Amino acid sequence: MSSRPDSDADGSTSADARGSERATSEKFTGSGLNRVEDRRILTGEAEYIHDKAPESALHMALYRSVHAHAEIESIDTSAAEDHPGCHLVLTAEDIKADYNPMPAGLTGFEEWSLADGKVRYVGEPVAVVVADDRYVAEDAVDLVDVSYDTLDPVVDPRGAREDETLVHEDFGTNVGDHEELTFGDPDGAFADADHVVEGSYSWGRISGVPLETAGVVADYDDDSDSFDIDCNIQLHTLVDDTVYDTLGYDPDDVNLDVPPDVGGSFGTKIAIHRYCCLAAMASKELNRPVAFVEDRIENLQGGDMHSTEREYDVKLAVDDDGTIRGLDFWFVDDFGAWPRYPVNQVLKPLSVLTNAYDVQDARYEYDLVLTNKTCQTAYRGFGVPAHLYALEMIVDEAAEEIGMDPDALRRRNLIESDQMPYELPSKNIYDSGDFPAALAHVQEKIEDERDGGLLDPEVVEAKRAEGKYRGARPTVHIEPGVSGSDWTDRQRSNRERLADRDRDDVAELPEHLRAEIRPDGTVRAFLATDSSGQGHQTLVTQLLADELGVLSSDIDVRYLDSVEAPTEYGTAASRMAVMVSGAAKGLGEALTENLETLAAEVWDCPDRDVVYRDGAVERAGGERLSLAALAERDRERPDDDRLTRASYDYQHPATDLEEFDDALARKLPVYPTAAFAANAPIVEVDAKTGEVEILKFYSLRDCGTQLNPTIVEGQAHGGLAQGIGAALLEEFGYADDGQPQAITMFDYRLPSIENIPEMELDHTETPSPFTPTGAKGTGEGGMIDGPASLACSINAALEPLDVQADQIPFTPNRVRERIREREDE
Amino acid sequence: MSVNDISGPLDYPTEEIALSVNGEEVTAEVEPRHKLSDFLRDARGLRGVRVGCEHGVCGACTVLMDGRAVKSCLTYAVQADGADIETVEGLADDGALHPIQESFHEEHALQCGFCTSGFVMATKELLDSEPDPDRDDIEDGLADNICRCTGYQNIYDAVLRAADRMDGEADDEGAADDEEATGDGATETEADR
Ligand code: FES
Ligand code: FES
């Protein structure tokens, strides 16, 4: 971490000398530059959304449904309205005349911001109460009186498909979306193969559960008839339509501003628009700012923030020699009551359809069902973790069926490095990587452990005598990185017509970055996306300091709000490292070109006689114009024609690569970087208690060129911790009557420092041939590869008992249950 | 819908409390139902006290009360009457970060930072009572705090680094009179800026 080229130790750099002090040609990018975000956080000065309410703000609380499925017979708000501290009560009836339903992930499911006539999940907002403070608002919420006529709830995802009870009568079925995709000739492969193996696996409802909940401060301005909305929504420049469409205003009149510090999101805060809309409506009604911060119980039971809950039926065709011939995935994904924007979580697995295996014939089919549970949102990995889990489970099953060593079976089918770049049957392309070498690396670690270590046969034997089963099974996993095209609205498109599209019809979402030189010669850059802990300010600081040859302390990075920023994608889909580095490169070039033009103008010489270098423009004879001097000269130019400002929109790594044309045109998920990991967690399962302990976690990780190894390592640790939680602890269970079972953090068990094993992470760097810096996306890795690899190691440990981790999370209860079932057989 | 225009102060009962907050003597009128976390954040403006669950699990709201780490969301403000409260805002000394803060920065022990105040205060309690913690001490001392971003490894390393540094400072102070805290901590901060 000390390899900074930063020599600004005395902090006394004068504006004119700036740049020239860059002592060496060493770069910031690639070094573990300490984060610029940290100081304000460590001192408590950082302002998160819950610090944003002004003195004048009123506070909102929500009355939420207590039933999973019921007709609303009547709502009596009079007692709440009579409460002396209460300023406003709103129900669906009050908002329907003036506003619109909220946009949905699937056409036909547009929804009012408050339950209209019927409630469809416990925790669904029914009424808004605004009062002097939150304590009083909750007092008044208690006075709202709703009478219900309860209905049967739909809780089981497979059962929901029978349509015995409908969540949405108008739609006529609980299957909100369905698609079957066939690649190559799966029927042929399955008919020809020596064996067909089948398995069913389930993935429990989990989510990101960031430490900070959702929050908003909405302020309506009467004079301009517009809204300023501070909120911690994720992708504020992409999903702002969910707010302005609902309010029925132009995008320019609804300004979403996300604080520089957001307390985590992991995808979950993409769908918090309801809160923004309700606070905005209340603010307009009262002509006062209205603030709301979701409390944790609201967040867990009805915060529209659960994620993937799937039941899989998987088939695999395999020959006697272990060659995998074909794959067949069917699953049902329980989206809860309403399909929100992240419906395409069911499609992203196509970008890693066969994981690290060379298989060309596959079928992929899903039913997206609606039930009486809170709505799904995105979560780190976006549907991929469950897919890799199901795939690795069926591979284990196949090894058992044909009596082959699972390691050998995996090795036999891995994509070889000389097959790179490798096109999947589903048309996405893996850019680079040596998967067999990665597997061998962790296999070696495990071999070492077998020789006097944690897996020494004698130790394993002795432990087994105590009822403790140890095992480890190395696996390789791909993390698809850098989405950025219109495949994301495939489910709102006419899918029959997609074959007619060509490359020109594809809409892409670039990454915008802009910068200006300040009067003191420092550089202020503006990101058009929001962040929630990923260190983007640090990353842009490093990249721009290198592009411009100045000190990192000369760069100040800020954020644009949704009105200032162009519509773009933002922080999701492991894309920022690649997109921001592409944007910074383009921006650096644009800005230096401008500065050369400006200097040539000042010196009245041709552009070709000047050159930008390390914070100044120079010309023959040693004359220099520093950034500060250039900024001063530029002020003489008209404001709309300044040359010390520039912006750049970096398209996307796949934009210029013909190889992706087909996938882009057909709206198949395109993720042009393939980061990968080979994992080998060593687990110990206590057959009596059912507890799974991770003794050690080996992982070899490769995300191409690392822009900031400290941040890369941090992402890996954090992702793996979430992977461990998903595999062993976390689950939003529901009782048969639709009551949520995990509504506090006592019930939804997040990993603590006690659950995290010793991690031994190694890194290799296989640069991406597709990206400007060689970087690959890596924001989701550990959550993508953690659960599947843990399940495989558990299978290895429990092999003597013939038990498989067929349900995630594999909680102590489930482990004991499975073991007893086997014993009874 | 109805817009209510009665907005005068409500007649809730209050009690007077007197306490010390980050070394400052404070008296205040609070409602008995007000949580210490809300009192510190709203009445004292100490926004570094984060609120992540309000039911005692996440530890984001951890502050020191008479030297012991407490969850300020589970403590009523009236319970702090007569107490000595320390929050993260009280740690830095005239702009110089506390060794624990330094160490969290250097070990990249924070990402989104929402848990950080709580972890830093829990670490302070831990190191005040156990200046030379082993792995178990750290696990016990921080088991009541949740971090969703870092995966804990770097937090663990930061605590060890802080222990080292505080140990070094204690030695320095003992040996030479006031060369105090110029150690690597102060210099590295300068360079990072
Ligand atoms: S907010 Fe106090 S423990 Fe979570
Ligand atoms: S840094 Fe985000 S919760 Fe700890």
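Reply: In this predicted model, 17 residues of domain 1 of chain B are in contact with 12 residues of domain 2 of chain B. The domain assignment places domain 1 at residues 1-90 and domain 2 at residues 93-182 of chain B. Between them, domain 1 and domain 2 of chain B bury about 1,200 Å², and 56% of this area is on carbon and sulfur atoms.

The polar side of this domain interface may be taken next. Two salt bridges are found across the interface of domain 1 and domain 2 of chain B. B:Glu86 takes part in a salt bridge with B:Lys124, in which the closest N and O atoms are 3.4 Å apart. Seven residue pairs, with both residues at pLDDT 80 or more, are in polar contact across the interface between the two domains of chain B. On the side of domain 1 of chain B that touches domain 2, the elements that contribute two or more residues are β4 (62-65) and β5 (68-71) of chain B. The largest share of that side, three residues, is supplied by β5(B). Sorted by class, the side of domain 1 of chain B that touches domain 2 of chain B comprises seven nonpolar, six polar and four charged residues.

A polar atom of the side chain of B:Thr62 lies 2.6 Å from the backbone oxygen of B:Gly59. Apart from its neighbours within four places in sequence, B:Thr62 is in contact with B:Ala69, B:Val70, B:Ser117, B:Gly118, B:Met121, B:Ala122 and B:Asn145. Two of these partners, B:Ser117 and B:Asn145, have numbers that fall within domain 2 of chain B.

Chain B also meets chain A. This contact takes 63 residues from chain B and 72 residues from chain A. The size of an interface is often given as the accessible area lost when the parts come together. Chain B and chain A bury about 5,800 Å² between them, with 55% of it on carbon and sulfur atoms.

Four salt bridges are counted between chain B and chain A. In a salt bridge between A:Asp139 and B:Arg33, the side chains meet at 2.9 Å, N to O. Across the interface of chain B and chain A, 27 residue pairs are in polar contact, both residues of each pair being at pLDDT 80 or more. The elements that give two or more residues to the side of chain B that touches chain A are β1 (2-3), α1 (36-43), α2 (99-106), α3 (116-129), α4 (135-142), α5 (153-175) and α6 (184-192) of chain B. Five residues, the largest share of that side, come from α4(B). In terms of class, the side of chain B that touches chain A divides into 26 nonpolar, 20 polar and 17 charged residues.

A:Asn795 belongs to helix α19 (residues 781-798) of chain A. The relative accessibility of A:Asn795 is 5%, so A:Asn795 counts as buried. Leaving aside neighbours within four places in sequence, the residues in contact with A:Asn795 are A:Met393, A:Asp396, A:Arg473, A:Val803, A:Gln804 and A:Ala805.

Notes
Residues numbered from 1 in each chain as written. Chains lettered and ligands numbered in written order. Predicted model: local features only at pLDDT ≥ 70, side-chain atom pairs only at ≥ 80, totals over all residues. Heavy atoms only, no water. Domains from an automatic or database assignment. Contact = heavy atoms within 4.5 Å. Buried area = accessible area lost by both parts, 1.4 Å probe. Polar contact = N/O pair within 3.5 Å; in protein donor to acceptor, adjacent residues only side chain to side chain. Helix = DSSP H or I, 4+ residues; strand = E, 2+ residues; numbered from the N terminus. Nonpolar A, V, L, I, M, F, W, Y, C, P; charged D, E, K, R; others polar. Buried < 20%, exposed > 50% of the residue type's maximum accessible area, 1.4 Å probe, protein only.
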